[in-house]
Amino acid sequence: MLLGEASAELEKHQLNWLRCAMDWAFVQKSWEKWASSNIGSFGQPLKAALLINYDPLRPSRLLSTIAEQEGIKICPIELSQFVNFIKRNKLQKETFMIGNNQYMVTSIHENWFCARCLNTSKSAGEGAIVMQTSVFLLVALYDGSIGLASRAMASVDQLVWQLNRKNL
């Protein structure tokens with residue numbers, strides 16, 4: 001009986017591992033396809049994006065990590081400060097940093113918010129869209145104002161829709 005329980009537990013663990021591997025492969029494939037057509041080069045809606053492993057229900061001792069990033073390199077300390085900003089949930093009372101830019105939240109919605117860069121040198125400004133799925137935070141950075149913000153939001157929505165299809 002004890003051997004049967006151990007065997008069942010091992011099989012359950014293997015199935016969980018297989019599901020995680022399949023989910024991760026799906027995330028990587030979705031990110032690569034999305035990033036290649038939405039980030040970076042002139043005419044694309046986004047200048048940079050980060051996909052952060054973030055599950056508010058997991059134990060706090062587990063650190064959030066960068067799953068994917070394109071167009072920007074964030075160090076672990078910067079990531080930690082940003083995730084702490086999210087966890088404090090004082091979105092309209094505090095600012096946050098991404099790279100050298102300081103952002104202020106301008107609108108909050110059910111699972112996403114928008115922010116504008118306070119220290120930009122660009123005449124049209126810079127913005128950020130942060131959207132949460134069940135296990136990720138997607139941070140998308142763009143240059144420009146209202147029209148470009150709409151394009152950026154449509155772009156972000158594409159990837160989040162893909163992730164939400166798999167409940168990720």
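This is a predicted model: local features need pLDDT of at least 70, side-chain atom pairs count only at pLDDT 80 or more; totals for chains, interfaces and linings use all residues.
1. Residues are numbered from 1 along each chain as its sequence is written, and side-chain values use heavy atoms, with hydrogens and water left out.

2. Now for the overall plan. The chain holds 3 helices and 7 strands, and from the N terminus on these follow the pattern α-β-β-α-β-β-β-β-β-α. Helices (H or I, at least four residues) and strands (E, at least two) are DSSP runs, numbered from the N terminus. Of the 168 residues in the chain, 36% are buried; buried means under 20% relative accessible area, exposed means over 50%, and partly exposed lies in between, with a 1.4 Å probe and protein chains only. Among contacts between residues at least 6 apart in sequence, 45% join residues at least 24 apart, a contact being heavy atoms within 4.5 Å.

3. How are the strands arranged? They form an open sheet of 7 strands in the order S2-S1-S7-S6-S5-S4-S3, with antiparallel pairing. At the edges are S2 (65–70) and S3, each pairing on one side only. From one strand to the next, the twist averages 25°. Two strands count as paired if DSSP finds at least two bridges between them.

4. Follow S1 next. S1 runs antiparallel to S7, and 6 bridges join the two. S1 also pairs with S2, again in the antiparallel sense, over 5 bridges; one of the links is between Ala 49 and its partner in S2, Glu 70. Is S1 enclosed or open? S1 is largely enclosed by the rest of the structure, because 5 of its 6 residues are buried. As you trace a strand, remember that in a regular strand the side chains alternate between the two faces of the sheet.

5. S6 (residues 126–132) and S7 (residues 136–143) pair in the antiparallel sense over 7 bridges, and Gln 132 has Leu 137 in S7 as its bridge partner. The loop between S6 and S7 contains Thr 133. Thr 133 counts as buried because its relative accessibility is 7%. Leaving aside residues up to four places away in sequence, Thr 133 touches Val 160, Leu 163, Asn 164 and Leu 168.

6. H2 lies across S1, S2, S3, S4 (101–108), S5 (112–117), S6 and S7, and runs at about 150° to S3. H3 (residues 146–165) lies across S1, S5, S6 and S7, at about 155° to S7. For these angles, axes are lines fitted to C-alpha atoms, for helices over the stretch in contact, and angles run from 0 to 180 degrees between N-to-C directions.

7. Gln 158 touches Trp 34 and Asn 38, not counting residues up to four places away in sequence. Gln 158 and Asn 38 are 120 residues apart in sequence but 9.9 Å apart in space, C-alpha to C-alpha. With 44% relative accessibility, Gln 158 counts as partly exposed.

8. Asn 89 sits in the loop between H2 and S3, and its phi is near 55°, a positive value in a residue other than glycine. Is Asn 89 buried or exposed? At 56% relative accessibility, Asn 89 counts as exposed.

9. A search of the whole structure finds 1 cavity of 30 Å³ or more, and the largest cavity has a volume of about 50 Å³. Strand S1 (48–53), helix H2 (76–88) and strand S3 (95–98) each give two or more residues to its lining, and H2 gives the most, with 3 residues. By class, the lining has 7 nonpolar, 1 polar and 1 charged residues; Ala, Val, Leu, Ile, Met, Phe, Trp, Tyr, Cys and Pro count as nonpolar, Asp, Glu, Lys and Arg as charged, and the others, Gly among them, as polar. On a 1 Å grid over the protein atoms alone, a cavity is a set of points where a 1.4 Å probe fits but cannot get out, and lining residues have an atom within 4 Å of a point. Grid points are joined across faces, edges and corners, and a volume is the space filled by probe spheres set on the points.

Definitions and conventions:
On a 1 Å grid over the protein atoms alone, a cavity is a set of points where a 1.4 Å probe fits but cannot get out, and a pocket is an open set with protein on both sides within 12 Å along at least five of seven lines; lining residues have an atom within 4 Å of a point.
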